[in-house]
Amino acid sequence: FSMPKTDFWCYDEETHTNSSKNDCSSSCGKYLHDLESWQQTVITEYDLVCERSYLPTLAKMLFFGGFGIGTFVSGIISDAFGRKKALIIFSLMIFVSGIACSFMPNFPA
């Protein structure tokens with residue numbers, strides 16, 4: 001996953017002022033991000049800063065945990081049903097998952 005960290009600050013819509021850079025001390029309704037190096041990242045698109053900063057790490061952990069479990073399970077299924085059937089089953093699962101993901105472009109807030 002490409003999730004480069006960018007500088008951010010809290011933007012107060014009532015007074016149109018910015019707080020100090022990378023400060024999570026106050027409650028904030030809207031964050032602005034430094035877009036000098038990157039126009040848009042996963043971090044800036046979903047405001048994964050401060051209280052939501054754990055989500056990119058959680059996503060990586062779930063992805064690689066599933067990869068590890070899938071590797072173990074695919075070995076068992078290959079032994080039980082044969083390599084060709086297992087390859088077809090897992091290829092279909094990847095295809096269906098990819099199609100399903102294309103219909104879910106938004107991150108639930």
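A residue is called buried under 20% relative accessible area, exposed over 50%, and partly exposed in between (1.4 Å probe, protein chains only). At 30% relative accessibility, Gly75 therefore counts as partly exposed. This residue opens the tour.

The structure on display is a predicted model, in which local features need pLDDT of at least 70 and side-chain atom pairs count only at pLDDT 80 or more, while totals for chains, interfaces and linings use all residues. Residues are numbered from 1 along each chain as its sequence is written, and side-chain values use heavy atoms, with hydrogens and water left out.

**The whole chain**

Please display the whole chain and colour it by element. Three helices and three strands are present, and from the N terminus on they run β-β-β-α-α-α. Helices (H or I, at least four residues) and strands (E, at least two) are DSSP runs, numbered from the N terminus.

Next, colour by pLDDT, the predictor's confidence in each residue, from 0 to 100. The chain averages 82, and 87% of the residues score at least 70. Among the elements, H3 has the highest mean pLDDT (92), whereas strand S2 (residues 17–18) has the lowest (68). Where pLDDT is low, the predicted coordinates should not be read in detail.

Now show the surface. The accessible surface of the chain comes to about 8,700 Å², and 63% of it belongs to carbon and sulfur atoms; such areas come from the Shrake-Rupley method with a 1.4 Å probe, and for residues only the protein chains shown count as cover. Of the 109 residues in the chain, 16% are buried.

Select Leu35, in the loop between strand S3 (31–33) and helix H1 (42–45). Leu35 is partly exposed, with a relative accessible area of 45%.

**Cys50**

Move on to the loop between H1 and helix H2 (55–81), where Cys50 lies. With a relative accessible area of 15%, Cys50 is buried. Most residues other than glycine have a negative phi. Cys50, although not a glycine, has a positive phi of about 55°.

**Phe63 and Phe64**

Select Phe63 and Phe64. A search of the whole structure finds one aromatic pair. The ring centres of Phe63 and Phe64 are 5.0 Å apart and the planes stand at 80°, so the pair is edge-to-face. Rings of Phe, Tyr and Trp (its six-membered ring) pair if their centres lie within 6.5 Å; planes under 30 degrees apart count as stacked, over 60 as edge-to-face and the rest as tilted. Phe63 is partly exposed at 44%, while Phe64 is exposed at 54%.

**Gly75 and Ala86**

Return to Gly75, which is found in helix H2. Select Ala86 with it: Gly75 and Ala86 are eleven residues apart in sequence and 8.9 Å apart in space, C-alpha to C-alpha.

Finally, select Phe95 in helix H3 (residues 83–102). Phe95 is exposed, at 53% relative accessibility.
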